[in-house]
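Here are my notes on the model you sent over.

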Amino acid sequence: MGMKVLVIGGGGREHALVWKLRQSPRVSQVLCAPGNGGICEEAECAPVDVRNLDALVELAIRLRPDLTVVGPELPLTLGVADEFARRGLPVFGPTQAAAQLESSKSFAKEFMQRHQVPTPHYAICTSADEVKHSLAHFHPPIVVKADGLAAGKGVVIAPTKEEAAAVAGDMLSGKLLGEAGAKVVLEEFLEGEELSFLVMSDGERVAPLAASQDHKRVGDGDTGANTGGMGAYSTDSLLDPQMREWLLTHVARPVVAGMRAEDAEYRGILYCGLMMTARGPMVLEFNCRFGDPETQAILMRLDSDLVDALEAAIEGRVSDGDFKWSADAGVCVVVAAGGYPGAYESGKQISGLEEAAKLEGVKVFHAGTSRRDGAFYTAGGRVLGVSARGAELEAAVGRAYSAAEKIRFEGMHYRKDIAARALKPAAR
Ligand code: AMP
């Protein structure tokens, strides 16, 4: 009998995980909760809310998966890994205590300071008075961050001290983000290239994943509002072996050793959001799970068995070679609903998916879709993650855009410049 694997979540990242897990010869069944229109074509889906830990535990007790992989941060920060572990259900993802690296920016900043992990200068404030006092030590622009989870809306870059004080005040009063803003972190603004550096840890050792770059703004040329991510790409050229070793030595390993020393052993994916500055790499944030849409781009390049790797983390035997990456490039172009990241409508019929899927090296991951009578409809802000692999980045990007051009739904939009900076270094 092959393995039964349960994936928790229902976005593009989870579709990519389901797709890759199904390729393992060791896996006979993939389940997903709640999944989405596209995932339900490839996995058995159970309509369970990812915030409902009782329902997730109940589902797992009923289905008895050999492995559960948790996609989104919310269930992890609520303690889903703790609940599963307590019942002897094998689960991939950090405990609630370990997930604090993502769920509390003030925790992450103080932790980095305790363990000498490079991060921008900061101040943690709980009142308007503290903000006013601390601002004296900053030069504009000033980055203002809500302490808690805010689904990408918790970071504001304020051009003046007055604006920083105003937005920090709105966060602290609960007006802007509710509880997530009860504490704010003021941070020095850094310039440089951003890099998503993910590692997998078993609590002690780490194995690096392929590096990637996300595109957070909605518009071409990094303009407009922040989003959950409009696209990503991954190539070997993003991170040379020397810099990778530096990041392992000065960021990944000290974080994992520090969490262990503080009795919050970190098992799972540690996502390090970095700014590569003139002063060296600095950590902007940690996430406690696979990135979205980075995972879609990265998994296009993974040549080894994902289940083997995830098991190594659970069983405490992670090693450097757990992932075998192709030299090919991977890219993901997010196709979003009209209006996203603001208010958007759902229920628009999607056409062209079959034509897109026929293209070589292309896989269309569903992020926010539903399926009815054999047709697909939009059901979220980020609708699809059109992904491709190619021997060169240019070829991968070309394939992804050829596929995106085949797809139609009312109001759809996507960025036309995913990976453009890597293709034209001279134009930076
Ligand atoms: P975070 O959620 O902390 O990664 O912040 C979201 C985005 O805000 C990052 O991807 C950066 O583009 C930007 N950002 C965050 N912190 C800084 C900083 N200290 N300096 C410049 N940009 C930042």
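1. Helices (H or I, at least four residues) and strands (E, at least two) are DSSP runs, numbered from the N terminus. Keep in mind that this is a predicted model, where local features need pLDDT of at least 70, side-chain atom pairs count only at pLDDT 80 or more, and totals for chains, interfaces and linings use all residues. Residues are numbered from 1 along each chain as its sequence is written, and side-chain values use heavy atoms, with hydrogens and water left out.

2. Three strands make an open sheet in the order 19-22-21, with antiparallel pairing. Strand 19 and strand 21 (369-372) sit at the edges, each pairing on one side only. Between strand 21 and strand 22 there are four bridges, in the antiparallel sense. For S370, the bridge partner in strand 22 is Y377.

3. Now the second largest pocket. A pocket here is an open set of points on a 1 Å grid over the protein atoms alone, with protein on both sides within 12 Å along at least five of seven lines; lining residues have an atom within 4 Å of a point. The space in this one is about 350 Å³, where a volume is the space filled by probe spheres set on the points, and points are joined across faces, edges and corners. It has 19 lining residues, and E41, L353, E354, H366 and F376 are the closest to its centre.

4. Who builds that lining? Strand 19 (349-350), helix 12 (353-358), strand 20 (362-366) and strand 22 (375-378) each put in at least two residues. By class, the lining has seven nonpolar, seven polar and five charged residues. (Nonpolar is Ala, Val, Leu, Ile, Met, Phe, Trp, Tyr, Cys and Pro; charged is Asp, Glu, Lys and Arg; the others, Gly among them, are polar.)

5. As for cavities, meaning sets of points where a 1.4 Å probe fits but cannot get out, the count is one of 30 Å³ or more. The largest cavity has a volume of about 90 Å³. Among its 13 lining residues, K105, A108, L284, E285 and F286 are the closest to the centre. Its lining divides into five nonpolar, two polar and six charged residues.

6. Last, the cysteines. A disulfide means two cysteine sulfur atoms within 2.5 Å, and the whole structure has zero of them. C332 has the sulfur of C32 as its nearest cysteine sulfur, 17 Å away.

Conventions. Two strands pair if DSSP finds at least two bridges between them.
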